[in-house]
Amino acid sequence: MMPPICYICQKRFLEGGKLIYFLETDDDKMQRKRMEDYKMVGHPSNAFWFCDEHSSEAVKHSNETKIIALPKIKEFYK
Ligand SMILES: [Zn+2]
(Lines give C-alpha, C1' and ligand atoms only; values in the text may rest on other atoms or scores of the structure.)
Protein backbone atom coordinates (compact mmCIF):
# COMPACT_ATOMS: atom_id res chain seq x y z
CA MET A 1 0.00 0.00 0.00
CA MET A 2 1.06 3.56 -0.59
CA PRO A 3 1.86 5.42 2.61
CA PRO A 4 -0.95 7.78 3.49
CA ILE A 5 0.12 11.06 1.95
CA CYS A 6 -2.56 13.54 0.99
CA TYR A 7 -2.82 13.97 -2.77
CA ILE A 8 -3.51 17.68 -2.35
CA CYS A 9 -1.20 18.92 0.40
CA GLN A 10 1.33 16.05 0.42
CA LYS A 11 0.91 15.86 4.17
CA ARG A 12 1.80 12.54 5.65
CA PHE A 13 -0.68 11.49 8.31
CA LEU A 14 -0.78 8.61 10.70
CA GLU A 15 -4.43 8.81 11.61
CA GLY A 16 -7.52 10.07 9.91
CA GLY A 17 -7.61 10.78 6.23
CA LYS A 18 -9.46 8.74 3.68
CA LEU A 19 -8.53 6.46 0.86
CA ILE A 20 -10.86 7.50 -1.94
CA TYR A 21 -11.62 5.11 -4.77
CA PHE A 22 -12.43 6.81 -8.04
CA LEU A 23 -14.36 5.29 -10.90
CA GLU A 24 -12.07 2.87 -12.70
CA THR A 25 -10.68 3.76 -16.11
CA ASP A 26 -10.10 0.93 -18.59
CA ASP A 27 -6.49 1.08 -17.51
CA ASP A 28 -7.39 0.76 -13.83
CA LYS A 29 -9.59 -2.24 -14.65
CA MET A 30 -6.76 -3.90 -16.53
CA GLN A 31 -4.35 -3.32 -13.66
CA ARG A 32 -6.82 -4.71 -11.14
CA LYS A 33 -7.44 -7.75 -13.32
CA ARG A 34 -3.71 -8.34 -13.67
CA MET A 35 -3.22 -8.12 -9.91
CA GLU A 36 -6.08 -10.55 -9.34
CA ASP A 37 -4.73 -12.98 -11.92
CA TYR A 38 -1.34 -13.06 -10.24
CA LYS A 39 -2.82 -12.87 -6.75
CA MET A 40 -0.76 -9.79 -6.13
CA VAL A 41 -1.49 -7.31 -3.41
CA GLY A 42 -0.93 -3.73 -4.32
CA HIS A 43 -2.27 -0.26 -4.18
CA PRO A 44 -5.24 0.07 -6.51
CA SER A 45 -4.39 2.49 -9.30
CA ASN A 46 -7.70 4.31 -8.85
CA ALA A 47 -7.31 4.92 -5.11
CA PHE A 48 -5.76 8.03 -3.59
CA TRP A 49 -5.26 9.27 -0.05
CA PHE A 50 -6.70 12.54 1.18
CA CYS A 51 -6.27 14.08 4.61
CA ASP A 52 -9.33 15.05 6.67
CA GLU A 53 -9.05 18.60 5.42
CA HIS A 54 -9.20 17.60 1.77
CA SER A 55 -11.25 14.42 1.67
CA SER A 56 -14.67 16.12 1.71
CA GLU A 57 -14.22 17.53 -1.78
CA ALA A 58 -12.55 14.37 -3.06
CA VAL A 59 -15.53 12.25 -1.98
CA LYS A 60 -17.82 14.33 -4.17
CA HIS A 61 -15.84 13.30 -7.23
CA SER A 62 -15.50 9.61 -6.49
CA ASN A 63 -18.08 8.79 -9.17
CA GLU A 64 -15.68 10.16 -11.77
CA THR A 65 -12.43 8.65 -13.01
CA LYS A 66 -9.21 9.98 -11.51
CA ILE A 67 -8.40 11.60 -14.85
CA ILE A 68 -11.49 13.80 -14.54
CA ALA A 69 -11.65 14.09 -10.76
CA LEU A 70 -8.08 14.82 -9.65
CA PRO A 71 -7.60 18.05 -11.65
CA LYS A 72 -11.00 19.29 -10.41
CA ILE A 73 -10.12 18.60 -6.77
CA LYS A 74 -6.76 20.30 -7.21
CA GLU A 75 -8.42 23.28 -8.82
CA PHE A 76 -10.93 23.52 -5.96
CA TYR A 77 -8.22 23.83 -3.33
CA LYS A 78 -5.98 26.19 -5.28
ZN1 LIG B 1 -4.55 17.39 2.49
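**Figure 1. The buried residues of helix 2.** In this predicted model, the residues of helix 2 that count as buried are H54, S55 and A58, where helices (H or I, at least four residues) and strands (E, at least two) are DSSP runs numbered from the N terminus. A residue is buried if 20 or more other C-beta atoms lie within 10 Å of its own, exposed if 12 or fewer, and partly exposed in between, with C-beta atoms placed from the backbone. Seen down the axis of helix 2, its buried residues fall within an arc of 110 degrees, so they line one face of the helix; the arc is that of the directions from the helix axis to the C-beta atoms. The buried residues of helix 2 pack against strand 1 (18-21), strand 2 and helix 3. Residues are numbered from 1 along each chain as its sequence is written. Because this is a predicted model, local features need pLDDT of at least 70 and side-chain atom pairs count only at pLDDT 80 or more, while totals for chains, interfaces and linings use all residues.

**Figure 2. The surroundings of A58.** A58 lies in helix 2 and, with 25 C-beta neighbours inside 10 Å, counts as buried. When its neighbours within four places in sequence are left aside, A58 is in contact with I20, F50 and I73, two residues being in contact if their C-beta atoms, placed from the backbone, lie within 7 Å. The C-alpha atoms of A58 and K74 are separated by 9.3 Å, and these residues are 16 residues apart along the chain.

Figure 3. Helix 3 (residues 66-76) has K66, A69 and I73 as its buried residues. They cover an arc of only 75 degrees around the axis, which puts them on the same side of helix 3. An α-helix has 3.6 residues a turn, so residues three or four places apart point the same way. P71 and E75, on the other side of helix 3, are exposed. Strand 2 (47-50) and helix 2 (52-60) are included in what covers the buried residues of helix 3.

**Figure 4. The largest nonpolar core.** The largest nonpolar core has 11 residues, namely C6, I8, I20, F22, F48, W49, F50, C51, A58, A69 and I73; a nonpolar core is a set of buried Ala, Val, Leu, Ile, Met, Phe, Trp, Tyr and Cys residues joined through C-beta atoms within 7 Å. Strand 2 and helix 3 are the elements that give two or more residues to this core, and the largest share, 3 residues, comes from strand 2. For F50, the contacts beyond four places in sequence are with C6, Y7, I8, G17, K18, I20, S55 and A58.

**Figure 5. Y21 in strand 1.** Y21 has its place in strand 1 and counts as partly exposed, with 13 C-beta neighbours inside 10 Å. Not counting residues up to four places away in sequence, Y21 touches P44, N46, A47 and S62. Y21 and L70 are 49 residues apart in sequence, and their C-alpha atoms are 11 Å apart in space.

Figure 6. The 12 residues of helix 1 (residues 26-37) should span 16 Å at 1.5 Å a residue, and the end C-alpha atoms are 16 Å apart, which agrees; the expected span is 1.5 Å times one less than the number of residues in the helix. Helix 1 is hardly covered, the count of buried residues among its 12 residues being 0. Just after helix 1, K39 takes a positive phi of about 50 degrees. K39 is found in the loop between helix 1 and strand 2 and, with 6 C-beta neighbours inside 10 Å, counts as exposed.

**Figure 7. Q10 in the segment before strand 1.** Q10, which lies in the segment before strand 1, has a positive phi of about 65 degrees although it is not a glycine. With 8 C-beta neighbours inside 10 Å, Q10 counts as exposed.
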